[in-house]
Every structure is written in structure tokens, then in C-alpha cells.
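Hello,

Here is the structure for your files. My notes follow below it.

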Amino acid sequence: MVAAEADLIVTGSVIRTADRRHPVVESFAVRAGLILAVGTREEVDAHRGPRTRVLDVGAAAVYPGFVDVHNHHAMAGRTELFELSLPPSLSLDRILDLVRDRASTLPPDAWIVGGSVSTTLLPTLANTTSRRRLDEAAGGRPVVIVEDSRHNRWANTRALELAGITADSIPSAGVTVLDPDDGTPTGVLLEAAGIPVQEAYDRSGGLTSDQHVAASRRGVEILNSFGITTFQDAGVSTDILDALATLDRAQELNAWVVSSLLINDEIFGFDPIGEPLIARGEEFRTPHHRPDFVKIFLDGVPPARTASFLEPYVADAVHGAHFHGETTMTAEELYAWLRSVAERGLGAKVHCTGDGSARLVLDVAESIRADGFTTPIQIAHGQFLADDDIPRLRALDVSADISPFIWFPGVIPQALAEVLGDRAEHSQPNRALLDAGALVAGGSDWPVSDSPNTLEGLQGLVTRADPLGRAPGVLWPEQAITAEEALEVFTINAATAMGLGTETGSLTPGKSADFVVLARDAIAGPADEIVHTPVLSTWFEGREVYTAS
């Protein structure tokens, strides 16, 4: 019997497959965009024909294409192409300088939209003086800047006016921070309090359809440049859904994409959400774009004390000594949504940043499983979990969507420590989750994180330290995992969690030929050097979609 002729054969000194049956091979063959065979050079060479291209990477290494279970690709693309991009490390003075520079290029009534500012900078912004400084920098133009969690905003006087926010007209939802001296809105708007500003911007025109397509295209290009070939967008609008479908129909979507349809959170300013959005999801299904999940926000974020915890926050003057935060839904409401989602054959990504909200998900998942539904359920972030709840993830087939880009020592843990005390030192129990048999899937939460670079995530999981050396120390080092486990977290585990485990995530015959070529075998060397490994090229369905310059 003649072996099928390959379109492409890849050989190298190290090819990691993320398939435990043969974790390291010498070669693999590709035909029609799929992995045809893996094995030794001799075994795979049987598929070489006169038209076969051979890629010998030599001392470089080949890994499966990285998989990011949690990002906001279009938001990142939009910020780079059409908004004011602000690294969250900037000071107030530097932010104002950049706003002033942008304003000088815009018409008098144009909005300045951008992000992000650091969570830790919000107290500096929450006063009338800072708001007026923003007014001056913008030259009277409306400005709104998101905070790095993307849950909160800082708006200037003109933006507040257009949104109808005054001392006598405070949004009913969220928190509108007032100046303690004059009682006026400072422009710092927490959670849903920022929605009127977003709506005011949307009334000004927002982005065109072509701009939404450009934003998604750019987001995918950036992800490809980091070796990412599969991702789950954690909260989409109809504009984003249409952009992804448009790209795929034009054969320009160089990634597998799973979209999460927003159920209950309006902080992104998307309309519609909930049932009307779910009803439209199938319109946008294409071969590589799958609107297969919903996104439920079950709580907020700890620094704003909007996350739900089993034990109370550190006492403060506003909340007292017994405040636990709260969930956005009761158990009955969450059950109704998950049951409805399961009946439609969709999965659910549930945002939980506190152990109280995570427990509620597990309690409701127990009922859903008892009803006979096997719908995928992800606890998104999962940074705080009660010890007793960790074994329940495997028992209930609930995956942990973790973001090791935003928990290692640095700004986020500092903000957490202010509201949680010593508990902040015990976040991301990844070793315990793996030991309990839970499916742990890696995500970047980019652009909440500065970069979607999977190598940062790999290194953070192994070292529990800041991969870029911006902050000293380690965070709960007992929860470190091995480099090989970390690679699985960002390949086959993440693909499985988003329902694409049979299509991609490992270099296995029959799966999509998605892979990344790295300058060296990143996970075999010193753990603190993983992030410094260059990506040489990225391949999707056997096509080169990124080449390092």
C-alpha cells in the first residue's frame, strides 16, 4: 500500500506534540491542512513525494500552536488601530501628556477613547482637580479611559455631560465616585456606572463595520505573532461576531475562534446581550468561528470589592467589617441560565474572581450534571478557590480558565492585598487543581494583561514570579507546576476546555496542522529564560501565517 503523499513534512531536533502517547517526535507530515502522520524521520519520510515541501527547523523547536482560552482580541485590535493606547504603568502626568498630543490631531468635538489606567492609580484620579486636568489636556473634548481590569472607567467633564451624569443625576447601577470636598462626580465610574458614558460614545457613531473587521484582523495578527493559533474571545458583540465571520468567509481568519456571547454584563457597552444575542449566534458560524459559549459575569473584581468571597473583605469605612461582596445572580437565576444554555448545546464561561462566586458555580453545576447535561462549564479566572471546592472541579467536569499574566507579583497582587489581606498571597492554586485532576486551561485576558505572549504565561506558571522582572518575589511557590504541564495548559487543555480538543491543541494525526516554530526548546532550559525565546514562525492549517522579520 502506497503511503499518502504529504504537502509538507516538518523535521527538527525537538518537536513537542502535547500528545502524551508520543510527546516528542522527530518529524510530522501535513496533508490538506491536517496532520497526516507523526514519528521518526524514517517513518514520516514514507509520505514524501515529488511535490512535498520539507521544512527542517534544525536546532529550533516546534510546539503545537498555542491556545488562549481567554482574551478580548477585537478590543485589543481596536485600541491599537483606532484609540489611544496607554500602558497601565503610566503616571497621571504622562497620561495627560498623551491625551494632549492626541487632542491636537482631532476635531473640537471628537471623542478620545483609550486605555488603560492602572487600578492602583484610581485613587489619584478620583477628585475634581484630576478631572479638570483631564479637561484641559483634551481641550474640551469628551474623554473616557478604561481601567486595566476593563470593568471601570475614568471620564472627563464633557463626557459626563454627554452621558447625563451630574451630582443630581447619578447612575443607579455601579458606583459613581464623588469628590469628598465638593460632592461632584470625579469621573471615576466603577462597573455599570460607566455604561452611560459608553452609550454616549456609541451615539456619536462608534466604529464602522469595516473598522470592526480591521480590529479583529489586527487582533488575530498580533496573536499569530506570539504563536497563538486558537483562542476564545471572552465577550463579544454582534459587530465582533460579524467581523470574525466576514474574515473567515474571505479565508482571512488565521485561527480557530470560539466566541462567548454576553449574557448579563453591560460594562462593554454591547447591545444586544442576553437572549437576543444568543438567538443570533448561529448567523455567524463559519468553519473556523464557533459561537459556542455564553459569558456570564457572576461577580466583579476584588480591588473594587465587587467580587464575592466566602470570608469578608478587609474592613473599611464604607463597607464595614463584614462585607463579602455579592454575586450578580442567585442560585436559581444562575441555574435557569445554565439549564437554558445546556438545552441549546452551548457552553458557559462564568466570570468568578472570588471563592464565593466559584462555589456558587459549582453548586449549580452539580444540579446541571444531575439533570444529565454535559455542557462545558468554565470558571473564568478561578484565582481564589476554597480548598474543599478544588476536587469538585474534576468531579463536576468544570474547567479552570486561569490567567497567569495578571497574578504574579506586581500591581494586581498589591491591589488584592489592600482589600483581602493575607489571602492575596494564596491565589491561583494551580498545582492543587492539577493534582486533583481538574482540567486547567491557560488564557491571557489580553488586553487586561499587557500582552498575550503565551511564553509569559508558561514561565509564570513554572516560576510563580514576574517573567519580565518588574516586581521581586514569588507568589505562593508551592503552587508551581512543571514546564511540561504548563505547555499542556496552553495547548491541549485549553483547546479541550473550549470544545476544540478534537480539532487542534496537539500535533496528532487527523488534527489541524497548527504549530509554532521557536528559536529553541523553551521549556527545556532555565525556567526564568522561557519568555526570552523568540517565535520564528506560526503555522495555521499547514500555512505560514507569521514570519519573524
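**Surface patch**

A patch of negative charge sits on the surface, formed by Glu 199, Asp 202, Glu 266 and Asp 271. Patches are built from residues with over 30% relative accessible area and no salt bridge, with like charges joined within 9 Å and nonpolar side chains (Val, Leu, Ile, Met, Phe, Trp, Tyr) within 5 Å. A salt bridge means a side-chain nitrogen of Lys or Arg within 4 Å of a carboxyl oxygen of Asp or Glu. Asp and Glu count as negative, Lys and Arg as positive; His and the chain ends are not counted. The charge is placed at NZ of Lys, CZ of Arg, CG of Asp or CD of Glu. Areas come from the Shrake-Rupley method with a 1.4 Å probe, and for residues only the protein chains shown count as cover.

Before the rest, the ground rules. This is a predicted model: local features need pLDDT of at least 70, side-chain atom pairs count only at pLDDT 80 or more, and totals for chains, interfaces and linings use all residues. Residues are numbered from 1 along each chain as its sequence is written, and side-chain values use heavy atoms, leaving out hydrogens and water.

Back to Glu 266. This residue is in the loop between strand E14 (256-262) and helix H10 (275-280). Helices (H or I, at least four residues) and strands (E, at least two) are DSSP runs, numbered from the N terminus. Glu 266 is partly exposed, at 45% relative accessible area. The classes are buried under 20%, exposed over 50% and partly exposed in between (1.4 Å probe, protein chains only).

**Cis peptide bonds**

Asp 271, a member of the patch, is joined to Pro 272 by a cis peptide bond with omega of about 10°. Pro 272 is also in the loop between E14 and H10. The bond from Gly 115 to Ser 116 is cis too, with omega near 10°. Ser 116 belongs to strand E8 (residues 112-117).

**Positive phi**

Asp 397 is not a glycine, yet its phi is positive, about 55°. It sits in the loop between helix H13 (390-395) and strand E18 (398-402). Asp 397 counts as exposed because its relative accessibility is 52%. Trp 476 has a positive phi near 45°. Its loop runs between helix H16 (454-463) and helix H17 (483-489).

**Leu 162**

Leu 162 is part of helix H6 (residues 157-163). It is partly exposed, at 31% relative accessible area. What does Leu 162 contact, leaving aside neighbours within four places in sequence? Trp 111, Pro 142, Ala 200 and Arg 203. Contact means heavy atoms within 4.5 Å.

Best regards
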